[in-house]
Amino acid sequence: MTAPDASSSPRSTPDYSATAGGLAAAPAPAAAPEAVRVETTHVVQPGLAAVPRRSNAGLVIAAVIGFIVLALVMLFVLAYLFVGLGPAGVIIGALMALVPLGIVFWGIRWIDRWEPEPRGALVFAFLWGAGVSVLIALVVDAEIQNVIAAAGLGDFGTEFFGAAIQAPIVEELGKGLGVLLLFFAVRRHFDGPVDGIVYSAWVAGGFAFTENILYFGNELVSGGVPVEVFFIRGIMSPFAHVMFTAFIGAAIGYAAQRPGWFRGVVAFAIGSIPAILLHAFWNGALFFVNDFYGYYLLVQVPMFVVAVWLVSLLRKQERRVTFERLSEYAAVGWLHPDEVAMLSSPTGRRTAMAWARTHGLRAQMKAFIHDATRLAYARQRIVGDRDMIGAQADEAELLARVAASRHALRGTPA
């Protein structure tokens, strides 16, 4: 596996993380055993089976309870949809809502590709968005409608208040609570703003999925054909909710880079402000803009482009962290320097996977890349003084897994 050229080195990427320039002084990794040091004089060698992963019984029990609660909430929301829209409205609306959902998940996969988050946590995030956050919005809406009716705001005032004030506040706080809960539940997999954006995107994607069923189904029930509403919500703005809630996820992700649990709560409050304001701006502008499509091209498209650019910078930061942390392990014999270059470069990873496929070693190489990336972030937690969440235990396990993965890879260096 050849190393990338110097121009693509992650060292040239600016540090946009919360720990930039302020990482705690941490001891160097323990030196690799002599057998490992001998093997890392070559890029890959044949060897042993993989090390089994540690299990956390407490976390498993909590996850089971959480998913049971989410399932019950989803059943209630589904019952609400079927009562309001009927079977045809729900089924057709859901099929149409799968289109923007697929677009959103394609985007999330691009963001989450470097250091994928646990699938269980992502499923939890989606179900929270599709169920719990929707239920919160429905309950609050039912209570506030009585207050609005008593206030006598009129039709325009009632509609504007609901769309531009009530919905942004209630929906963003409801979605953000799911991200905050994940911050506490899977702290060891919450390493920075990219992780926060990924979790918030899954929550927002779930919420938008249920909301789109309501919009499309209502149009069908009222006798219309939801062509325009599908085009606007499903094709033009599938990432709207993702962009709003991403502020909360990014803020909590930055807080996760420092020790302390209370930082996550403060970050949730801070991130909710721009999320609510952007949501309110999106909804409120529709009451005053005559040319929606012109407004969309001049305002919303540039906002989306800026968001993609910022996420791209954060993804480069992930590669820089991987390079710097794994270089520390290479210095004490756990990895070959060429492996560090390969593991911290998209091109290097693609080259390695192509080589592994030709030798029938795709699963082994995938495990090697995955565990080495997790190892880099376990080291980052140690350097950032966050060992109270089990970073050193993770490091010991992952060092064993990385060494075993290297053993399992067969063939001569590519």
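Trainee: What volume does the second largest pocket have?

Mentor: This is a predicted model, in which local features need pLDDT of at least 70, side-chain atom pairs count only at pLDDT 80 or more, and totals for chains, interfaces and linings use all residues. Residues are numbered from 1 along each chain as its sequence is written, and side-chain values use heavy atoms, with hydrogens and water left out. On a 1 Å grid over the protein atoms alone, a pocket is an open set of points with protein on both sides within 12 Å along at least five of seven lines, and a volume is the space filled by probe spheres set on the points, which are joined across faces, edges and corners. For the second largest pocket, the volume is about 1,300 Å³.

Trainee: Which residues lie nearest the centre of the second largest pocket?

Mentor: Lining residues have an atom within 4 Å of a point. The second largest pocket has 40 of them, and those nearest its centre are E171, E211, Y215, R233 and N283.

Trainee: Which elements give two or more residues to the lining of the second largest pocket?

Mentor: Elements here are DSSP runs numbered from the N terminus: helices (H or I, at least four residues) and strands (E, at least two). Those that give two or more residues to the lining of this pocket are α2 (57-111), α3 (119-151), α4, α5, α6 (227-236), α7 and α8.

Trainee: Is α5 roughly parallel or antiparallel to α7?

Mentor: Axes are lines fitted to C-alpha atoms, for helices over the stretch in contact, and angles run from 0 to 180 degrees between N-to-C directions. Angles under 35 degrees count as roughly parallel, over 145 as roughly antiparallel, 65 to 115 as roughly perpendicular and the rest as oblique. The axes of α5 (residues 193-221) and α7 (residues 240-255) come within 7 Å and cross at roughly 150°. The crossing therefore makes α5, relative to α7, roughly antiparallel.

Trainee: How many residues of the contact of α5 with α7 are charged?

Mentor: Contact means heavy atoms within 4.5 Å. Residues of α5, including P193, I197 and F207, meet residues of α7, among them V242, A246 and Y254. With Ala, Val, Leu, Ile, Met, Phe, Trp, Tyr, Cys and Pro as nonpolar, Asp, Glu, Lys and Arg as charged, and the others, Gly among them, as polar, the contact has 10 nonpolar and 7 polar residues, and the charged number 1.

Trainee: How does α4 pack against α7, by angle?

Mentor: The axes of α4 and α7 are 10 Å apart and the angle is about 40°. Because of that angle, α4 is to α7 oblique.

Trainee: Is the crossing of α4 and α8 left-handed or right-handed?

Mentor: The axes of α4 (residues 154-185) and α8 (residues 262-285) come within 8 Å and cross at roughly 150°. The two helices are therefore roughly antiparallel. A crossing is left-handed if the near helix is turned anticlockwise from the far one by less than a right angle, and right-handed if clockwise. The crossing of α4 and α8 is right-handed.

Trainee: Which residues does A163 touch, not counting residues up to four places away in sequence?

Mentor: A163 is placed in helix α4. A163 lies 9.4 Å from H279, C-alpha to C-alpha, although 116 residues separate them in sequence. Leaving out residues up to four places away, A163 touches P168, N283 and F287.

Definitions and conventions
On a 1 Å grid over the protein atoms alone, a cavity is a set of points where a 1.4 Å probe fits but cannot get out, and a pocket is an open set with protein on both sides within 12 Å along at least five of seven lines; lining residues have an atom within 4 Å of a point.
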